[in-house]
Amino acid sequence: MKPSPFNILYQVARFGVVGLMNVAINAVIYMALVYLGVHYILASAVGAIIGVLNSFVWSRLFVFKTQGKVAPQLVKTLMVYGAQIAISWAGLIVLIEFFHIDPYSAYILNVTIVTLISFLGLKYFAFSTRNKATEGGKP
């Protein structure tokens with residue numbers, strides 16, 4: 001059964017709530033570490049790790065409301081966020097080193113792009129309902 005546009009919009013809204021929570025957590029950690037003199041890539045990594053764990057829990061329970069085995073979903077979530085982190089770091093490097101945008105503004109700009117990537121990867125890969133039978137959920 002194909003989900004209605006209303007259900008998808010509701011899911012996007014829930015993802016937005018979790019995303020805002022993650023952005024706040026990640027931003028506070030990133031900005032505090034950059035302020036303390038930590039390199040922006042390391043600061044981004046620390047914030048991202050904490051954000052990924054938070055996102056997994058809330059995406060599973062609140063956004064996508066999935067069942068099934070936790071381990072395969074966690075591995076797929078880590079794969080999605082691994083790709084997102086690589087794209088995010090590349091974006092930060094380009095924005096900061098080549099376009100000379102300050103690290104704070106570059107971070108805000110970068111978040112917009114990686115948010116879309118994260119939603120699509122989580123929805124259609126990590127928490128996809130198409131593979132429930134192989135992940136221990138009901139087919």
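I started with the second largest pocket: helix 1 gives the largest share of its lining, 6 residues. (A pocket here is an open set of points on a 1 Å grid over the protein atoms alone, with protein on both sides within 12 Å along at least five of seven lines; lining residues have an atom within 4 Å of a point. Helices are DSSP runs of H or I, at least four residues, numbered from the N terminus.) Helix 1 and helix 4 each put in at least two residues.

I noted that this is a predicted model, where local features need pLDDT of at least 70 and side-chain atom pairs count only at pLDDT 80 or more, while totals for chains, interfaces and linings use all residues. Residues are numbered from 1 along each chain as its sequence is written, and side-chain values use heavy atoms, with hydrogens and water left out.

Back to that second largest pocket: I looked up its lining and found Phe15, Leu20, Val111 and Phe119 among the residues. The lining splits into 7 nonpolar, 3 polar and no charged. (Ala, Val, Leu, Ile, Met, Phe, Trp, Tyr, Cys and Pro count as nonpolar, Asp, Glu, Lys and Arg as charged, the others, Gly among them, as polar.) Its space is about 150 Å³, a volume being what is filled by probe spheres set on the points, which are joined across faces, edges and corners.

Next, how many cavities of 30 Å³ or more are there? I found 1. (In a cavity, a 1.4 Å probe fits but cannot get out.) The largest cavity holds about 350 Å³. I count 23 lining residues for it, with Asn22, Asn26, Tyr81, Gln84 and Val114 nearest its centre. Helix 1 (5-35), helix 2 (40-63), helix 3 (70-98) and helix 4 (103-126) are the elements giving two or more residues to that lining. I sorted the lining of the largest cavity into 11 nonpolar, 12 polar and no charged.
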